[in-house]
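Open the model in your viewer and keep the sequence panel beside it. This tour moves from one selection to the next.

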Amino acid sequence: MIERLPTPWGLVRLGVAPDHPKLKTVSRAFERIAAKHGFRFLGNVEVGPELTHADLVRLYDAVIYAVGAQTDRRLGIPGEDLPGSWSATEFVAWYNGHPDFHDVSFDLNVDRAVVIGNGNVALDVARMLALTPDELAPTDTTDPAIDAIGASTVREILIVGRRGPAQASWTTQELKEMGELAGADVHVDSVELELDAPSEVSLEHDTNARRNMEALREFAGREAMGKPTTLRFLFFRSPIAIHGERKVEAIELVRNRLEERDGRLVAVPTEERETIDCELVFRSVGYHGVPPPDLPFDERRGTIRNERGRVLLDDQSAAGVYCAGWIKRGPTGIIGTNKKDATETVSLLLDDLQGGRLRHKDEATASAVDVVLAERGARPVVYASWVGIDELERAAGEKLGRPRVKLRTWEELLETAERVAQTPVAAARTRER
């Protein structure tokens, strides 16, 4: 497993919301795999500068790219880059301790925040903004984020979707959690839940959407309990401009109606506009893949060109190079979707192996990889060093009743990895691999 960061497990560590610890337990399955003979973790190694695609296909019998979708889709509206307008990815990475974002500073001393998007990440952002210090305390949220969110003056959080409630892509459990927060009332105007005929029909074939509507209608029937923060859902609206002189001061929305096109209900803008005062905007409108060097790439879809997971080279599927996850199919689905997707890709790899299309290369050895990395000046973090980082973080968290206290900077992570690597126990672990 080759990873740019010094830590493994990707979004399980750096993307799953800290108040969802059960989702993070999937890492236990990864840890069991990592304990198997033959597994190697090479963290702090970037494909491209330190190992090229040509290196990988020479040094390994098969290569699977599972790099996700690394950039946000943009709104493409005036004012999008004003201070106070952030991508959801930046906020999520900050409160989860991604080392690329440790020095980002969010001003949460505002009255109203607007979250653009109707997916699970948008709900994560809104929910994290609304958590109380007591709700944050037992999580692995970073200390700066706990302090900033705990001291936040945000009193209203608007969650804005371009289509209707029946088209929202969040999962029902995530939605229901919005009504269970200690410090936030949830508000939905019943007018927002009026559906057109095609939307009503769509509910008959979509269990998740039907359950979402039931939850939203329950929210609409609630009386406010006077909690310090209000979470408010708005539908059928799209942002067309973010206003402000030196920072975000307001957001302008256009009212949409739904039209059926090619079997899909799409949002079409009307002439109706509204401007809402706010000082903070989070954009959560999807992700887009970044082309891995030297691989065929579909710019429109943001995916490596592939057929069911086999990478297409010169329009022919090539045994030995594969992809999985969002870089394979686009940024849709959840952890369970990726499991099914990965199974499909690995099945193709095994088919190629059994069919004789994959053969072992004598030069494909661990020592050959190590030689190339040394020549390139790489400082790989091996799995034993990660285990040391993990144990250090868990020990720090245990003292505070938290799962872990994360090391947040590149310097802290790499210094700890190198210090651990020099211990006799870590050296023994590495030799065993």
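Select L216. Beyond its neighbours within four places in sequence, L216 is in contact (heavy atoms within 4.5 Å) with P165, W170, L175, V188, L193 and F235. This is a predicted model, where local features need pLDDT of at least 70 and side-chain atom pairs count only at pLDDT 80 or more, while totals for chains, interfaces and linings use all residues. Residues are numbered from 1 along each chain as its sequence is written, and side-chain values use heavy atoms, with hydrogens and water left out.

Buried means under 20% relative accessible area, exposed over 50%, and partly exposed in between, using a 1.4 Å probe and protein chains only.

**Helix 5 against helix 6**

Select residues 88–96, which form helix 5, and keep helix 6 in view. The two pack at an angle of about 55 degrees, with axes 10 Å apart. Axes are lines fitted to C-alpha atoms, for helices over the stretch in contact, and angles run from 0 to 180 degrees between N-to-C directions. Helix 5 and helix 6 are therefore oblique to each other; angles under 35 degrees count as roughly parallel, over 145 as roughly antiparallel, 65 to 115 as roughly perpendicular, and the rest as oblique. Show the side chains: A88, F91, V92 and Y95 in helix 5 meet V121, D124, V125, M128 and L129 in helix 6.

Move to the open sheet of 3 strands, in the order 8-9-10 with antiparallel pairing. Two strands pair if DSSP finds at least two bridges between them. Strand 8 (237–243) and strand 10 (264–277) are the edges, each pairing on one side only. Strand 8 meets strand 9 (residues 250–261) over 6 bridges. Pick A241: its bridge partner in strand 9 is E252.

**Last stop**

Select D352, in helix 13 (residues 335–354). Is D352 buried or exposed? Buried, with a relative accessible area of 0%. D352 touches R310, A319, Y322, R357 and L358, not counting residues up to four places away in sequence.

Conventions. Helices (H or I, at least four residues) and strands (E, at least two) are DSSP runs, numbered from the N terminus.
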